Amino acid sequence: MKKFLSNSRRGVALIMALVVVLVGGALIAVTFSLVLNYVSFSAEQRGTYVDHTTVLHLIQSTKAYIVSSNDVRSFDLGVMHAPGFDYGDENSVVDHIDKLRFPAAFDPNLDMDISINSGSGRQRAIVQVYDMFYEADRVKEPLLSNRAQMQELPSVYKLKGVSSNSFENENGENQGDANSGSNDNFGEGELDPMRYGAYLIRVQLYDSKNKLLRAAEEAFVQILPKPEE
């Protein structure tokens with residue numbers, strides 16, 4: 001009888017031990033799965049944040065470069081405009097997107113295709129800058145029929161109408177700058193293209209397999225002050 005009870009206790013102990021092992025194994029599996037999912041989620045979130053920061057940095061650094069370059073050029077050369085389009089020539093048209101894009105030959109800092117490593121592995125970034133100082137009626141074929149280029153075409157940012165430096169006479173007619181007494185020969189209320197620049201910065205970020213991770217753009221205007229006479 002004692003031997004039977006002893007064997008029964010051993011059997012119960014073995015069963016309890018097996019239950020403990022099974023429950024412990026299940027808890028370990030669940031914990032491992034939760035940790036793995038958290039690590040994967042954190043890595044994805046971290047990658048998204050790093051990619052966003054990388055793109056934002058490229059946009060802001062390019063913007064700062066344009067502003068500082070225009071400040072250096074100042075009144076002697078005027079603000080930068082894309083060399084493919086002559087805003088002063090009435091016969092100059094925008095028949096290709098490259099007419100409004102700043103090429104690397106003009107300034108390598110405005111047209112970049114670079115490799116970077118920002119913490120998310122090796123990546124590729126493309127930075128392009130467009131001149132938004134043009135008139136919509138200057139856009140001609142074959143650009144108008146090219147869907148891809150039309151999607152890439154930046155908006156017109158050439159101000160028209162009465163500017164902050166203009167005034168009206170008694171008849172309500174715009175007379176240009178009240179201090180200079182002339183309309184600067186740039187049309188009613190238009191800003192001097194030597195002082196006024198409008199730009200669009202586009203950045204595309206790719207992974208090592210050339211998959212697009214993030215794309216962003218920012219437009220801004222820079223107006224140089226009038227030179228002191």
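This is a predicted model: local features need pLDDT of at least 70, side-chain atom pairs count only at pLDDT 80 or more; totals for chains, interfaces and linings use all residues.
Visitor: What makes up the fold, from the N terminus on?

Guide: The protein has two helices and six strands, and from the N terminus on these elements run α-β-β-α-β-β-β-β.

Visitor: Why is Ile-223 called partly exposed?

Guide: Its relative accessible area is 44%, and because buried means under 20% and exposed means over 50%, with partly exposed in between, Ile-223 is partly exposed. Ile-223 lies in strand E6, which covers residues 212-223.

Visitor: What makes the nonpolar surface patch that includes Ile-223?

Guide: Tyr-157, Val-221 and Ile-223 make this patch of about 250 Å². Residues of a patch need over 30% relative accessible area, and Ile-223, with 44%, therefore passes that cut-off.

Visitor: What is the phi of Asn-210?

Guide: Phi of Asn-210 is near 65°, a positive value in a residue other than glycine. Most residues other than glycine have a negative phi, and most peptide bonds are trans.

Visitor: Which peptide bond is cis, and where is Pro-142 found?

Guide: The bond from Glu-141 to Pro-142 is cis, with omega near 5°, and Pro-142 is found in the loop between strand E2 (122-131) and helix H2 (147-152).

Key: Residues are numbered from 1 along each chain as its sequence is written. Side-chain values use heavy atoms; hydrogens and water are left out. Patches are made of residues with over 30% relative accessible area and no salt bridge: like charges are joined within 9 Å, nonpolar side chains (Val, Leu, Ile, Met, Phe, Trp, Tyr) within 5 Å. Accessible areas come from the Shrake-Rupley method with a 1.4 Å probe; for residues, only the protein chains shown count as cover. A salt bridge is a side-chain nitrogen of Lys or Arg within 4 Å of a carboxyl oxygen of Asp or Glu. Helices (H or I, at least four residues) and strands (E, at least two) are DSSP runs, numbered from the N terminus. Buried means under 20% relative accessible area, exposed over 50%, partly exposed in between (1.4 Å probe, protein chains only).
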